[in-house]
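These are my notebook entries on a structure that I examined chain by chain. I set down each item as I looked it up.

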Amino acid sequence: MTIAAEKNPPVKLPNEPQITPQVVAEHGLAPDEYERLLKIMGREPTMVELGIFSAMWSEHCSYKSSKVWLKKLPTRAPWVIQGPGENAGVIDIGDGQAAIFKMESHNHPSYIEPYQGAATGVGGILRDVFTMGARPIANINALRFGDPAHPKTRHLVSGVVAGIGGYGNCMGIPTVGGETNFHAAYNGNILVNAMTVGVAASDRIFYAAAAGVGNPLVYVGSRTGRDGIHGATMASTEFNEDSEEKRPTVQVGDPFVEKLLLEACLELMATDAIVAIQDMGAAGLTSSSFEMAAKGGLGVVVELDKVPMRETGMNPYELMLSESQERMLIVLKPGREELARRIFEKWELDFAVIGHLTDTERMVLTWHGDVVANIPIPPLVTEAPVYERPWTLTELPPVLDAGKVPAPGSSMADWNASLIKLMSCPDLASKAWIWRQYDHLIMGNTSIRPQEGDAALVRVPKAPTGTSHKGLAITSDCTPRYVQAHPETGGRQAVAEAWRNITATGALPLAVTDNMNFGNPQKPEIMGQFAGAIMGMAEACTALEFPVVSGNVSLYNETEGRPILPTPTIGAVGVIEDITHAVGSRLTQGGLAIILIGETEGWLGQSLYLRELHGREEGAPPPVDLAVERRNGNFVRRQIWAGRVDACHDLSDGGLLVALTEMCLAGGTGVTIRQPAGTGIPSHAFFYGEDQARYLIASGSGDDILEAARRAGVPAVLLGYSGGASLTVEGLVSLPLAEIRQAHEGWLPAYMDTVE
Amino acid sequence: MKAAVLVFPGSNREGDVAQAIELVTGRRPQMVWHGDGDFEKTDLIVLPGGFSYGDYLRCGAMAAQSPVMAEVKKRAAQGVPVLAICNGFQIAAEAGLVPGVLMRNENLKFVCGDVHLKIETSQSLFTNRYQAGQVIKVPVAHAEGNYFADADTLKRLEDRGQVAFRYCAPDGTVDGPLGQEANPNGSIRNIAGVFNETKTVMGLMPHPENAVEPLFGGCDGKALFEGLVEALS
């Protein structure tokens, strides 16, 4: 390909349709965006070019509604190696190793085709992480489904869980944790947020920026088919009653091929052949080639007829917009083609040199020698639409007086029933039915398993074989009902809870990946939710030194005008130097002091108690005092490091009594506790209130902890002791653990087994 | 003990078993790529877990036809011990190295978690460090571990002591509702692992290699590898 050829006007494809306002609209471009395109191109685009603009300027790829807000998040810390903008975030975990991680949504596809949608969500996030040179060591996922009573929910749960398991299990990456909630606001738009954490040598990290004019551009992995065409555009609009017709836009995953791709890429990465590498995710070949060239300040020529194709008769438009999975684009050093080819052929993967880098800063696509697209790269990036959409903040609802919320009743039977009801409600019931379908033990490094602690804990492997003493704590958190009630508080709380969950294992929280799931940003109140959540998150991330290093935005989660609850899912990673010092939340022996750390006011606004027992979703969510969070969390972590803590659990959904019950069930040991005298708080508010910055600790050296807390000025109070096979709250609750367990573990399997 | 771990496209627990062997022997086993028909002489061949060839045709069916399996069959016939775990068990069954077949789990779902196993015999290379009747806790992780064999085969297996492990309740109960509850996949007679006639090949669905360290699933699987070292060194 010569420079002269690049100047030729592109040829139109046979039977290429006229570009009409309708065609433009079908490509998701607003009329003024199309005007912008015409100005950049200086002529009418070809269909291929229109398709490229459509994908690159989609909400999904361009972040046009969210960009101005995302900039407000703190992204730096001394341990951050790479913040947002690459395939995943990278942090230094010491000893020459880095953790590489990101969370990403696959919401729209998972609703349309739950198995493949969820599976390819996992596949996509895995690729984002191993593209950067990391071997993935853990997956987690955050799922939100509609009302269990909604006719589609059971089918969606079943398909999504099977899809996540099907992909992760075959890849051999343990799925070690996550969260699953249900709420009617997700009836028409479920959320599937998947996170992968990988580990690499900190001096062997691979980036997407292309370099070296003339260097070959190589395509590896699966062949390109017609699946997923316009997936990015689909994910950038609301759903309506015709959405099921969008099934062909959902990609089909092949985890076996991705496993081969992982091994082949890591093998190639161990050589010196790679200049840059980028996976083909949303908008496939378009966005990968574009981003590599743009980041490197270069141009690129792609000979599309050389792309390995799954079927005959594919045209350039389809090739550029297909979202076929398990594909990578690599810029190689000159002369390394044969070395790379041998590796990919060993792994039985396609390998093709499909183009080269140029200094023209243009993307030129050819098809059997004819130029079919010729786009200047910098303006497509710099002139991309960015919207400061109008926004209205959600007012803080009035604080609910706990005294005006009824108690469960006056008798012990009423109290027992209230605890059973909470422990078996969809949000709190055991999710074992889900995580038993995920291989959470492969690699042999899982130290804290699902339901055994606030965060999953995995040992860090050493490359190429062996293990270290270091552990990574991984969690995902968000309380959407808090965010709905007051986005700033909810944003703050989501970050604080993630930080607490890492802390409760003894690990030091290091960094965050955020997955912002919201409704239609063109509505000021939705944009206000987004803005509010970001403000709260930014404040919390700054106060807790917990920078955001990667993330993903999913907007337009609405069906027929009904938006989801605003859900800024926070994925987080922390490190513990010696994994033998870490603790879970299991209460495994009697005679331990049960100590409550943190201040309790009895906050019932937006609590699960209020919703599940009284059917009310109201009031202000619990306030988050970040200085107190930090003080209490650092105290707890120091106690764990000092070896004084046998088990620890943060207090969140359902409050104190739910957290304590979870500790008992996880470890199979009962407790006897009482409400301390003189709290002046109604018992139901004390035990079910959701005040923040609190932890429960079980300890064989309770006096030492209480004394240390007194000296540190941290509120701490002894509630009782572990022992026996029942949960007893003096004068209020007395239940055999077996009875609670039956309710807690029984709900989800029974629900899933119900035949409609 | 010199061990070779075979690696097929889609194997994914080869690292776990290599790690367990290294922990016990102090020596990294040889990793043998499936395309290599020949490999160094070894004291033990391991067929690891995973999804060989994506398990797309029928689990283990494609790998059983791989060039390296011809060599494995030859060596197994000469008496070289073979440890076949999970997908390895499926491959070994497809290759005819052990009796029986592995079908989809009874509930049609992948299952991962700890199970209890009753050791049926200590009279083998693989189980000599255990006591007959002993109960151990190790994890499973599979979608197709539902062991089945016809009545004649089962009778032969039982008569000759070729059943290695059965799923059981924590107290060792194999029969009745407790035994049924402990069976994660619907395997006939709760069979979790079997030997060939000479007890030189063992196939099992559970993962002893994921139970060799106290903080990572406990140590109940370690004795299997220690027993092998003792028998084969």
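**Entry 1. Overall composition**

How many helices and strands are there in chain A? I counted 26 helices and 28 strands in chain A. I note at the outset that this is a predicted model. For chain B I found six helices and eleven strands.

I next compared the radius of gyration of each chain with the globule rule. Chain A has 756 residues, for which a compact globule would have a radius of gyration near 27 Å; the value for chain A is 26 Å, so the two agree. For the 233 residues of chain B the expectation is near 17 Å, and chain B has 16 Å, which agrees.

Along its principal axes, the C-alpha trace of chain A spans about 85 × 55 × 45 Å. The C-alpha atoms of chain B fill a box of roughly 45 × 35 × 35 Å along the principal axes.

I then looked up burial and contact range. In chain A, 62% of the 756 residues count as buried; in chain B, 55% of the 233 residues do. Among contacts in chain A between residues at least 6 apart in sequence, 85% join residues at least 24 apart. The corresponding share in chain B is 75%.

**Entry 2. The nonpolar core**

Which residues have the most contacts inside the largest nonpolar core? They are A:Val495, B:Ala84 and B:Ala92, in a core of 319 residues. Helix 20 of chain A, residues 524-543, gives this core its largest share, namely ten residues.

I followed helix 20 of chain A to A:Thr542, which lies in it. Is A:Thr542 buried or partly exposed? A residue counts as buried at 20 or more C-beta neighbours within 10 Å and as exposed at 12 or fewer. A:Thr542 has 14 inside 10 Å and therefore counts as partly exposed. I also took the C-alpha to C-alpha distance from A:Thr542 to A:Ala273: the two are 39 Å apart in space and 269 residues apart in sequence.

**Entry 3. Around strand 11 of chain B**

I listed the residues that B:Ala84 touches, leaving out those up to four places away in sequence. Among them are B:Leu47, B:Phe89, B:Ala92 and, from the stretch examined next, B:Val201, B:Met202 and B:Gly203.

Strand 11 of chain B covers residues 201-204. B:Val201 and B:Gly203 point one way from this strand, while B:Met202 and B:Leu204 point the other way. All four are buried. In a regular strand, side chains alternate between the two faces of the sheet.

Which strands are joined to strand 11 of chain B by bridges? Strand 4 of chain B, residues 82-85, runs parallel to it and is joined by four bridges. Strand 10 of chain B, residues 191-195, runs antiparallel to it and is joined by three bridges. B:Leu204 takes part in both pairings: it is the bridge partner of B:Ile85, and B:Gly193 stands opposite it.

Strands 10 and 11 of chain B form a hairpin with five residues between the strands. In this hairpin B:Lys199 takes a positive phi near 60 degrees.

**Entry 4. A seven-stranded sheet in chain A**

What is the strand order of the open sheet of seven strands in chain A? I read it as 23-25-22-26-24-27-28, with mixed pairing. Strand 23 (647-650) and strand 28 (733-736) of chain A are the edge strands, each pairing on one side only. Neighbouring strands of this sheet are turned by 20 degrees against each other on average, direction ignored.

Helix 22 of chain A (residues 626-641) touches strands 22, 23 and 25 of chain A, and its direction makes about 20 degrees with that of strand 25. Helix 23 of chain A (residues 655-667) touches strands 22, 23, 24, 25 and 27 of chain A, at about 140 degrees to the direction of strand 23.

**Entry 5. The contact between the chains**

How many residues does the contact take from each chain? It takes 24 from chain A and 25 from chain B. On the side of chain A, helix 9 (153-171), helix 11 (255-269) and strand 14 (446-448) each supply at least two residues. By class, this side has nine nonpolar, eleven polar and four charged residues.

Terms used. Residues are numbered from 1 along each chain as its sequence is written. Chains are lettered from A and ligands numbered from 1 in the order in which they are written. This is a predicted model: local features need pLDDT of at least 70, side-chain atom pairs count only at pLDDT 80 or more; totals for chains, interfaces and linings use all residues. A nonpolar core is a set of buried Ala, Val, Leu, Ile, Met, Phe, Trp, Tyr and Cys residues joined through C-beta atoms within 7 Å. Two residues are in contact if their C-beta atoms, placed from the backbone, lie within 7 Å. Two strands pair if DSSP finds at least two bridges between them. Axes are lines fitted to C-alpha atoms, for helices over the stretch in contact, and angles run from 0 to 180 degrees between N-to-C directions. Ala, Val, Leu, Ile, Met, Phe, Trp, Tyr, Cys and Pro count as nonpolar, Asp, Glu, Lys and Arg as charged, and the others, Gly among them, as polar. The radius of gyration is taken over C-alpha atoms; the globule rule is 2.2 Å times the number of residues to the power 0.38.
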